[in-house]
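Hi,

Here is the structure I promised you. Please open it and keep it in view while you read my notes below.

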Amino acid sequence: MAVIGGSTTGRKARWTFVDIAVVAYALIPVLWTMSLSFKTAEAQTDKNFFPSEWTFDNYKAIFTTDQFVRALVNSIGIALIATLIAVVLGTMAAYAIARLDFPGKQALVGVSLLIAMFPQVSLVSPLFEMERQLGLFDTWPGLILPYITFALPLAIYTLSAFFREIPWELEKAAKMDGATPAQAFRRVIAPLAAPGVFTTAILVFIFCWNDFLFAISLTSTEASRTVPAALAFFTGASQFEAPVGSISAAAVVITIPIIVFVLFFQRRIVAGLTSGAVKG
Amino acid sequence: MAEIILDKVTKRYPDGALAVSEADIQIADGEFIILVGPSGCGKSTMLNMIAGLEDISSGELRIDGQRVNEKAPKDRDIAMVFQSYALYPHMSVRENMAFPLRLAKVDDATVKSKVDEAAKILDLTQHLERKPANLSGGQRQRVAMGRAIVRNPKAFLMDEPLSNLDAKLRVQMRTSVSKLQKQLATTTVYVTHDQTEAMTLGDRVVVLRGGLVQQVGSPQFLYDNPANLFVAGFIGSPAMNFLPGTLENGQLSTGLGTLALSDRVRTLAEEAKAPREVIAGVRPEHFEDAKLMDESAKAGGTTFTATVDVLESMGSDKFAYFTVEGETATSQELAELAADSGSTETGDSGAQLVTRLSAASTAVEGQPADVWFDADKVQLFDPSSGKNLTYAG
Amino acid sequence: MSQQTVESGPAATPAEPAPRKGKPALSEGKRAERRLGWLLCAPAAIVMLAVTGWPIIYSVWLSLQRYDLRFPDQREFVGLENYVAVLSDGYWWTAFGVTVLLTVVSVAIELVLGMLLALVMHRTLVGRGLVRTVSLIPYGIVTVVAAFSWFYAWNADTGYLADMFGAQAPLTEQIPSLLIIILAEVWKTTPFMALLLMAGLALVPDDLLKAASMDGATAWQRFTKVMLPVMKPAILVALLFRTLDAFRIFDNIFVLTKGANDTSSVSMITYNNLIKGLNLGIGSTMSVLIFIAVAIIAFIFVKLFGASAPGSDQEGRR
């Protein structure tokens, strides 16, 4: 589209300016948190955007407390397990929805759509009560289960969009070539679906990693509290000191995986988020 | 190698739609048979039923005398070539072609020799290690063929395998498909909507319309003796001209004037108890520029004069288009043909007449021309049933 | 979009035959297909139903009881008494009003900003990859982390922004607090909106825009008369997603104000009643009410705006 007027250099300059604005928009809060995490305890109230003196004390502090390390382990473990299970179950279901013909398919799609739109807080009360009765309250499975549940619609939705892009005739071709439905899945569809599965795994992981409501409602101790929840309960080195530095340092640590995903898998994440959002 | 028999094979969808109705077709061992018809005629459904990709609602499908209705595709030993080729994008050409053999647990050495052999036949040897994405359309098409031939199946099913190629390549591939089939002598069922492919490729052609088999026969026989209006209009390019006419005392009156039918045609029409109102069909090549003919040659037909609308000179001959006064021939079958993507032209304003004249014709666009046509080649159809009243089969 | 090309000949048009009841035995292939379908879906279906289906019913049941964990002995069935209590309480309606306000304002701003960002991501001549990558950071970042960043930015003790409006401590007053909450919400979710809209933009054929400019349309006319109508489905889906999501706003408020100065959302007061107050009866009642509100929003979108629920039309086509 060559409808935006002006010379090429002029247009480039204009776009560069717009790009810088976007980059600033996206990065300033992140840089601010990083800045806080590198500020010394005294400098934290100086209200300056950049630290005048750099220190790693805040990081040292959080990694020496059980509170943060434990929460980090919980976060990683719970998010990984939930992602793994959700993606496996989601792949199976999405394949069936996209490719196979069986009664009850519509119902499953309907239910998962319902859950995707569901206000999570509505589940907090019954889950809180049920998990207490079942002994799941404040345990890993107690968080993993709701995470899987809310990640499944996302996984099924994203994956079935990916599966639909695999030409349908390939499966017929595999059948004609002598494959059973299971072989057709394993040898033809699965390799083609792998990129989609991987993308979905990233999205699901971000979802689990991000959760706060379940994490503070269904946990009560370090046994299963994840980092976002733990942040809310951080205390300073002493009673009278605000935990700004610790919170910021912890915040930076849990932002690292997100930055890594975004840097390396930008294309896939964009594809995953937009798949199926628009219908042709 | 096998014979395939369709015995009253029917496909009815749960919503009641009838895709294929009681098809009876016997395909001999080694025969090349074409299923042809416009969109939605049931030809692909029929192919999918033979493949086992769709259930047969009723009737029986036998391969080599054995009922296979309930067999999964993999147990039917049939190979299929798809319109989109359906090549596995994550496998190389070699892996694609080896795939059916691997599934059948053939040992590595045999796989290699069979794939190499097929690649040689199809001229793919230097492309074996490439991925389908890096191949041209024609090469992909050949890989799809290769995947079908490696395992020596009982039959090949081909679902419009050439329709994704450009026109030139299509002609080229058409001859090689034909050659390959003769060489392998494997029973082949080939679906197409292209009547040129239907005419040139098959030993026999099955014309389908709305799930019903209209006629089965050799291409030439179908061309000369169409069983009904639909087949007459579908086979042949440019299509047969249709004009409404009135039959009286062996005389046929149409927008082109009145002519005396030949004895042969009259007898056939009488035997068929032809009604008064008929549709007359004349193929474009049965017209000729009257100026080029001597009186004796004109005896067997009739001459009319009309203004040439459009003249297309093809070099070898000329196509002259006229508009015939009066009504257009109407029948359900003709309407269907017209609806199908431009396979025939039944114009809205007066009937259009296509004639094929010899290159020596002096007809000029916009000027009147005298055109003769052969009364013995006129075919008569019943407008209500579409039946060919002069069918000599 | 792309699927159509795959669909081949005419016979592909009738819908795939759904299995027929009774008579003609399904062929082996079809039966295997059905079995496989059920087998593959069962685990996902079971988990989803067990963790949502049953709790919803249980939640309705709890909402009909007086049930305060601090006084478990007083548990009893009270019918709709909890609903009466919640709905006649100004506290609930304030929170409801705040939630609706936050939802409407932030989604409206996100739509405008998101559209701009989408245009930038779609059109920019320089650094397209960079813009897209950077925009994903707000989407991916943990909401609580972002919330803390805004909290410290506006906090009177630490913030580089705190003195901006001269006023004292913006986070201690209702209106400034709400604005900051909206800011945090908009910052975090605009990129997601933009991505969904960008997918819609990709659907607008370049030729169409060229044709429009040949026909004499100005840039603004091309946007409103050509792009927006073509993008309508994408916009509606994005709005539906974001509205439902914004309505359950919790994390930002929890960190930024803890709900002080009348800035609580409905999720926030539900949480407070439930986990802080340990009042399961009232908490569940609020849960059910939020659920109903969300259902109504979804219904309005689907019926009124004709936004077909995402995915709803896709089962039919293969």
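First, a definition: helices (H or I, at least four residues) and strands (E, at least two) are DSSP runs, numbered from the N terminus. This is a predicted model, where local features need pLDDT of at least 70, side-chain atom pairs count only at pLDDT 80 or more, and totals for chains, interfaces and linings use all residues. Residues are numbered from 1 along each chain as its sequence is written, while chains are lettered from A and ligands numbered from 1 in the order in which they are written.

Start with chain C. Chain C has 11 helices and 2 strands. Along the sequence, the pattern reads α-β-β-α-α-α-α-α-α-α-α-α-α. Chain C has 318 residues, and 46% of them are buried (20 or more other C-beta atoms within 10 Å of a residue's own, with C-beta atoms placed from the backbone). Now the contacts (C-beta atoms, placed from the backbone, within 7 Å). Take those in chain C between residues at least 6 apart in sequence: 68% join residues at least 24 apart.

Next, chain A. Domain 1 covers 1–55 and domain 2 covers 65–274; these bounds come from an automatic or database domain assignment. The C-alpha centres of the two domains of chain A are 31 Å apart. In chain A, 8 residues of domain 1 contact 8 residues of domain 2.

How many residues of chain A are in contact with chain C? The count is 95, and they meet 99 residues of chain C. On the chain A side, 65 are nonpolar, 19 polar and 11 charged. Nonpolar means Ala, Val, Leu, Ile, Met, Phe, Trp, Tyr, Cys and Pro; charged means Asp, Glu, Lys and Arg; the others, Gly among them, are polar.

Best wishes

Note on methods: Contact = placed C-beta atoms within 7 Å. Buried ≥ 20, exposed ≤ 12 C-beta atoms within 10 Å, placed from the backbone.
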